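Please read this report alongside the sequence and the three-dimensional view.

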Amino acid sequence: MGGRPSSPLDKQQQQHLRGQVDTLLRNFLPCYRGQLGASVLRQISSELEPREPAGCQLMRSKKLPRVREHQGPLTQFGGHPPRWQPIFCVLRGDGRLEWFSHREEYENGGHPLGSMALTGYTVLTSQREYLHLLDTLCPVSSGEHTQEESDPLLEMPVNFPLFLKHPFRRHFCFSAATGEAQQAWRLALQGGIRLRGTVLQRSQAPAARAFLDAVRLYRRHQGHFGDDDVTLGSDAEVLTGVLMRELLPALRAQTLPGLRGARRNRAWAWTEVGAGSRRWGRDTRGDRIRGPISPLPRHCPLNSLCVSLRLRLSVLAPPPHLGFLPRLWPVWGPLGRAGQLLDAVHAAVLAQASAGLRAFQPEKDELLAVLEKTLRPDMDQILRQQERLAGKLRVEVQRPLESCLRGKVDTQLSLVTQKLLSSMEAVLSAVQTLLAQGMDRLSRHLRGNSSGTQLRKEVYSFGEMPWDPKLMQTCYREAERSQGSLGQLVVPFGFFGTQSLVFGAQDLAQQLMADAVTTFLQLADQCLTTALDCTQAAQQLEKVRGRVLKKFQSDSSLARSKFIRGWLLCIFLPFVLHQLERSCKVELLEFEGDVLAVGSPALTIEDIYKDIVQGVLLQRIDRELKKALGASDVSCTPDGCSEAPWDRTGVDEEAEAQRGTCPGQPGSGTEVRSLCPLPPPRTFRS
């Protein structure tokens, strides 16, 4: 039946990586426990706060975020020796990519040749862009000739490539048959990458919030204050990324010099654009990389892996059928498995991190239950103690904090706010335009005397709009448009998380669209009955359209402010904390005893200190945001999207709509002859 593929790592190397992960968990879990208490405290506190009268007006979509399944033929470059091979690819709804030898194998329920989670990958469709990436992996050394032979990638018979690159895993190279297919796959893959990347950011559970805060706290303890994209992915994937960032520089520095050939070829061998398949790339002499294990100095935890890899690199003659890739074979030989090593290290770290978090799960569940049970009855007393400690500490840190904000933040806060605001207004305007076009299309079909079957088809297409990557790409593109210029503004503050920011904006666009679509379909289903003729039904639908647009404008305005406020905090708060680290360190040590004396697991000196800095920073952010919004067009109303008048002869009250009747329409005893084939009841049910 086939054995389990062997790992390129021997037992001693795997044991070394397990030790690295154990050390990470030993240092991280105390941060996680502390943040669980703080997260539960914030949740209970928010529940006890008085609710603002203005809230979300759109109905919340109950559909979980997903990727529309996409499938089709591609060719893939990989294997040993490398070659182009036809495959059949399937993108699952959970963001996993699978590939089969042919369509029939997939349809018959066969096992895939390979599969991968798309977390952390980036899609490139430009060969030149990908070549530039390879060049950055292997910078020219002082003693190396810069002139290289013509590049093999440029000689590939590829017109519509799809490169999937990852900072810690092997790269993949696919090719589509047409530009249209390439575009469809690009959009589908980007949706899968975003879905898997933002799983923690979308969650409002205290444990998810605590985990993200714990990662930031742990990294601050390691000397890393700026935010970046390390928090994309599941909890195990995030911890894997944290450790791989620590291991990768040593692994790359030790391995790349041992690869033969031009620098771009060495970089390609490092990333090993391959199939990762159980049928391709098998070395008949065994996959395991063997070699002497050298001592492990502190500065190079992966020294043994790197040395053993370099000792096995060999130069073999290229097979005659690979004439279009003559110079890649030396670094693609069966023993030149740099990319396999990279994948094996990542897989080993991920497996161990997953096991460690699973082992912690029972303790976490018990801790959450205990925190809920102990904090809620004493909430008032805990909050008073927190405020008392914060008041004393605030006096000590106020002067250096104000000095830092005036000298290093205020000058750039306005520029960053304006850039975020203009980007989000473009995104939300695109969503509203797309929503209005979809509602107008339904109205036209209703007025046009369409058949019930055709109308049901249009209703289904309208309901699927939030999950249609081709339709939503206009909104997503607006979020990506300012990524480069925004990145330049925030780099001086140590912020490198622009990809997370873009994903967040795209998630927000999709959620608002889903809520608006749900609201429109439910209101329409409640108000359109067979008692109405086509003209009356179209008039009712037009009024529903106006009400939905009004609700969308209200919700999008609130969401925009919340989004910008949150990301301004992500950009500036770590920077300010880093700037104050030395000047406030003594004060924090002095107050730590007072916090410990309170005896609450939900109160820590670091969280109280962070809340103080965050509160002062938020005052400036709110002031700047209010000034920016006052000068902008907050309505975000594109041409042609004005709200239809909502008079009392229509669906004037939500309660009446929910009862399934509309003011002014005939009652159950009144017979009105239909002048057009209206859809059956519940056609507009989402």
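## Helix α12 against α14

The axes of α12 and helix α14 (residues 469-481) come within 8 Å and cross at roughly 170 degrees, where axes are lines fitted to C-alpha atoms, for helices over the stretch in contact, and angles run from 0 to 180 degrees between N-to-C directions. α12 is therefore roughly antiparallel to α14, given that angles over 145 degrees count as roughly antiparallel, under 35 as roughly parallel, 65 to 115 as roughly perpendicular and the rest as oblique. On the α12 side the contact is made by S423, A426, V427, A430, V431 and L434, and on the α14 side by L471, M472, T474, C475, E478 and A479, with contact meaning heavy atoms within 4.5 Å. By class, this contact has nine nonpolar, two polar and one charged residues; Ala, Val, Leu, Ile, Met, Phe, Trp, Tyr, Cys and Pro count as nonpolar, Asp, Glu, Lys and Arg as charged, and the others, Gly among them, as polar.

The model is predicted, so that local features need pLDDT of at least 70 and side-chain atom pairs count only at pLDDT 80 or more, while totals for chains, interfaces and linings use all residues. Residues are numbered from 1 along each chain as its sequence is written, and side-chain values use heavy atoms, with hydrogens and water left out.

The crossing in which α12 passes α15 is left-handed, a term used if the near helix is turned anticlockwise from the far one by less than a right angle, and right-handed if clockwise. Q412, L415, V416, K419 and L420 in α12 meet S485, L486, L489 and V490 in α15, and the residues of this contact divide into six nonpolar, two polar and one charged.

With helix α18 (residues 605-630), the axes come within 7 Å and cross at roughly 35 degrees. Here α12 passes α18 in a right-handed crossing, and the contact has 20 nonpolar, four polar and seven charged residues.

## The chain and its nonpolar cores

The secondary structure of the protein chain comes to 19 helices and seven strands; helices (H or I, at least four residues) and strands (E, at least two) are DSSP runs, numbered from the N terminus. Of the 686 residues of the chain, 52% count as buried, where buried means under 20% relative accessible area, exposed over 50%, and partly exposed in between (1.4 Å probe, protein chains only). Among contacts with a separation of 6 or more, 79% are between residues 24 or more positions apart.

A nonpolar core is a set of buried Ala, Val, Leu, Ile, Met, Phe, Trp, Tyr and Cys residues joined through side-chain atoms within 4.5 Å. The largest one has 136 residues, of which Y32 and L435 touch the most other members, and α12 gives the most to this core, with 25 residues. Not counting residues up to four places away in sequence, L435 touches F462, M465, M513, A516, V517, V548, L549 and F552. A second, separate core of 24 residues includes Y121, V123, L162 and L189.

L189 is found in helix α4 and counts as buried, at 3% relative accessibility. Leaving aside neighbours within four places in sequence, L189 is in contact with L91, L97, L118, V123 and L164. G192 is also found in helix α4 (residues 179-197), and at 0% relative accessibility it counts as buried. Although G192 and G93 are 99 residues apart in sequence, they are 7.8 Å apart in space, C-alpha to C-alpha.

F360, in helix α11 (residues 338-375), counts as buried at 4% relative accessibility and touches L29, Y32 and R33, not counting residues up to four places away in sequence. A602 has its place in the loop between α17 (534-598) and α18 and counts as buried at 3% relative accessibility. A602 and V40 are 562 residues apart in sequence but 7.8 Å apart in space, C-alpha to C-alpha.
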